[in-house]
Amino acid sequence: MKNSGWIIILFCNLTLTQAQDLFTEFDTIRLEEFTITQRIPLNDQSVLDLSRSSRFSSIDKINGRLEGISLIKRGAYALEPQMDGFSGGQINVTVDGMRMFGACTDRMDPVTSYIEPDNLESFNITHGTSGSRNGNTVGGSFDMILREPVIGQTEGMLVETGLGYESVSNGINANGALEVNREKWAFRTSGTYRNHNSYRGGDGIKVPYSYFKKINLHSVVKYDLGKNNTLRFDFLLDDAVDVGYPALPMDVGKAKARMYAVEIERLDAYRTVSQLKAKLYFNSVYHLMDDSNRDSTFRLTDENGAPSDTVYMRMDMPGWSDTFGFFMEGGASLGEKSHIYVKLDDYLNYSRAYMTMFMNYPEYPGEPPMYTETWPDVFRNVAGIFIRNTTRVSNSVNVNLEGRLDMSQTRVTSETGHRQFAIFGYDIDRGYFELPKSLNLSANFRTNGVTRLDAGAGYAERLPTTSEQFGFFLYNALDGFDYLGNPEIGLERSTHFWGNLHFTWPELKVSIRNRFSYVSDYIIGLIDPEIPQMNLYASGVKRYDNIPAALLYGTSLQLQWDPGAYLTFYTLLRYTYGRTGEGDPLPLIPPLRNTSICKFRKGIFSVQMEGEFSSDQNRINSGFGENPTPAFAIYHLRNSFHWLVKETVIEVGAGIENIFDKAYSEHLDWGNFLRPGRSIYLNLRVII
Ligand SMILES: [Cu+2]
């Protein structure tokens, strides 16, 4: 496609963002570069272009730099997002509004691991209870919007290809995309390949099991049905093999995801009705853990700690998660000043995971394999309705009221699962019915074009996850305990308050954000001394339960300064605090952290200096296997050149990450294994 086509798309994106801004509170983050206008307050999007470390940045590298988002790291790949201290089932991670659930009982495959930045258009991020558009949540929502081609406008074709190398892991990244635009239809396909060996830490030593390989492919076809109706099909494939997890006792042999969706959209259907959309989808995840590369020898000790015996153990642990769902959404104007948006959705998830243990005492014949169902054929159906009303009280004040009600039914169909839970006195031969709900009220005020304040309060409830309700002896490598689900566990509830202040001058943009959550019936694992340990390596058993209360607070300061045409300074300072009602620190809470960027850009050349700083974290919960983490500072240098040769764009990027080869790990890295040491990278990208 010609450059003018891109400019039109970018312009449309921009107008869309501004229009949306009137009615929603989302931070929409677009992944294509576009010019930040002086009228838009500093949001995650304006930061993205700066903080996206290179064209081959993984989604994790991008997420880790967003305001309010931290990453829980167990390996070099598939980091798990955390929002203001909330993670796992406390946040909603969706793809284009579609629900999807990982198939790993040990959270090795967050949904973000199945998406590549190459097939992403933007993120919609909402924090706390107000993120309930796609499902009730206490911690927030993270919706990844897939890229789509544009019909009509300019007929054309775009071919894009790139190749990158990273020295620290001797890693190759390659990607390519093809887009065809016609008057009545459009097609886009993009693919990414990554192959990384184990990387070297700042101490010069290879971090064992930090390798991974993956391919990802996304194709989308759009067809113009006339009268403003479009039909769209999406297909996404993601296959990872040989993924090592330094912090865990197991690796992943295979992780496969497939996603299919069909969508019909009607734009500006009538004057008063808009954004009509219906979507039907199916996704399927398969996850196979593998311990064949690990030491499987356990040396047992007697009561006095003396060696008593040796056991060899192997495990076979597959998991599946299939989700089938649909949603319908639409907006309508109610008079001049009011707008209503309604979404109806339903999904059915089927999760199951099994574990077979093969144990062998050297001098004896092999024992029969031990079989358990770690997720015993769990079906969950959730139907929900979400309604939002936005009223423009005056030219400078908007008020938002939104609510959601879900109807959830969960059932375990496996006979083995029933027997397993009967041992602990649970009769799970019934459906588990819940009605999680949420209500949020917020307002935003703009004054004189410089200041904007948005503030709100809300309440929400969330369902327990499959693991929290029906997980059976799931080993947690951080605290060394096996976790047992609690079929009778209750909903987690949160009362949430937030207040954000933005100042926007042409050269300077400042945002200050504050979010506070009081969570009741907080779900956490508590030691159950009655249950004997089942595995040789486990310290004991924890059972999921609701504790009366937990408090979480997240705050951040973001500043961007553009003194003149060539220079940009950006800094993000963020802090998270979490404790239980009794005053104990919540586990895995990130410390004070800063990212600062200085970028110089002139003509075909840009150079960027970055610093990442973290304070130490001594507020830890040792009952969850946490250790204090020391402070660190690391620096990166990035350069890029781009040329336009006829209609071909050539871009070369080169840089050094962790310039001073600092040996460090972040507080959310399980087991304190080291992050990558100094790495030189080189990228080439060609767009025809
Ligand atoms: Cu796993």
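A residue is buried here if 20 or more other C-beta atoms lie within 10 Å of its own, exposed if 12 or fewer, and partly exposed in between, with the C-beta atoms placed from the backbone. Keep that one in your heads, please.

Okay, ground rules. This is a predicted model, so we take local features only where pLDDT is at least 70 and count side-chain atom pairs only at pLDDT 80 or more, while totals for chains, interfaces and linings use all residues. Numbering starts from 1 along each chain, following the sequence as written.

How confident is the predictor? pLDDT is its confidence in each residue, from 0 to 100. The average for the protein is 87, and 91% of the residues score at least 70. Over residues 1-27, though, pLDDT is below 50, and that stretch has 38 contacts in the model beyond near neighbours in sequence. By contact I mean two residues whose C-beta atoms, placed from the backbone, lie within 7 Å. Residues 31-39 also stay under 50, with 13 contacts beyond four places in sequence.

Now the overall picture. We have 5 helices and 33 strands, where helices (H or I, at least four residues) and strands (E, at least two) are DSSP runs numbered from the N terminus. The radius of gyration is 25 Å, close to the 26 Å that the globule rule gives for 688 residues, so the protein is as compact as a globular protein of that length. That radius is taken over C-alpha atoms, and the rule is 2.2 Å times the number of residues to the power 0.38. Along the principal axes, the C-alpha atoms fill a box of roughly 75 × 55 × 50 Å. Of the 688 residues, 43% count as buried. And if you take contacts with a separation of 6 or more, 65% of them are between residues 24 or more positions apart.

On to the core. What I call a nonpolar core is a set of buried Ala, Val, Leu, Ile, Met, Phe, Trp, Tyr and Cys residues joined through C-beta atoms within 7 Å. The largest one has 86 residues, and the members touching the most others are Val95, Ile115, Phe212, Val243, Tyr245 and Val252. Strand β13 (residues 251-266) gives the most to this core, with 5 residues. Let's click on Val252: leaving out residues up to four places away in sequence, Val252 touches Met108, Ala240, Val243, His287, Leu288, Met289 and Asp290. As background, nonpolar side chains tend to be buried together in soluble globular proteins.

β17 (338-360) and β18 (370-394) pair in the antiparallel sense over 19 bridges; pairing here takes at least two DSSP bridges between the strands. One of those bridges links Ser338 to Thr391 in β18. β18 also runs antiparallel to β19 (residues 397-412), joined by 16 bridges, including the one between Val378 and Val412. A hairpin of 2 residues connects β18 to β19.

In the loop between β17 and β18 sits Gly366. Buried or exposed, this Gly366? Exposed, because Gly366 has 10 other C-beta atoms within 10 Å.

Last stop, some loops. Most residues other than glycine have a negative phi. Asp84, however, has a positive phi of about 50°, and Asn672 has one near 50° too. Asp84 lies between β3 (80-83) and β4 (91-95), and Asp84 is buried, with 32 other C-beta atoms within 10 Å. Asn672 lies between β32 (648-657) and β33 (679-687), and counts as partly exposed because 15 other C-beta atoms are within 10 Å.

Finally, Val450, in the loop between β21 (437-447) and β22 (451-462). Val450 counts as exposed, with 12 C-beta neighbours inside 10 Å. Beyond four places in sequence, Val450 is in contact with Phe503, Thr504 and Trp505. Val450 and Pro369 are 81 residues apart in sequence and 68 Å apart in space, C-alpha to C-alpha.

Key: pLDDT is the predictor's confidence in each residue, from 0 to 100.
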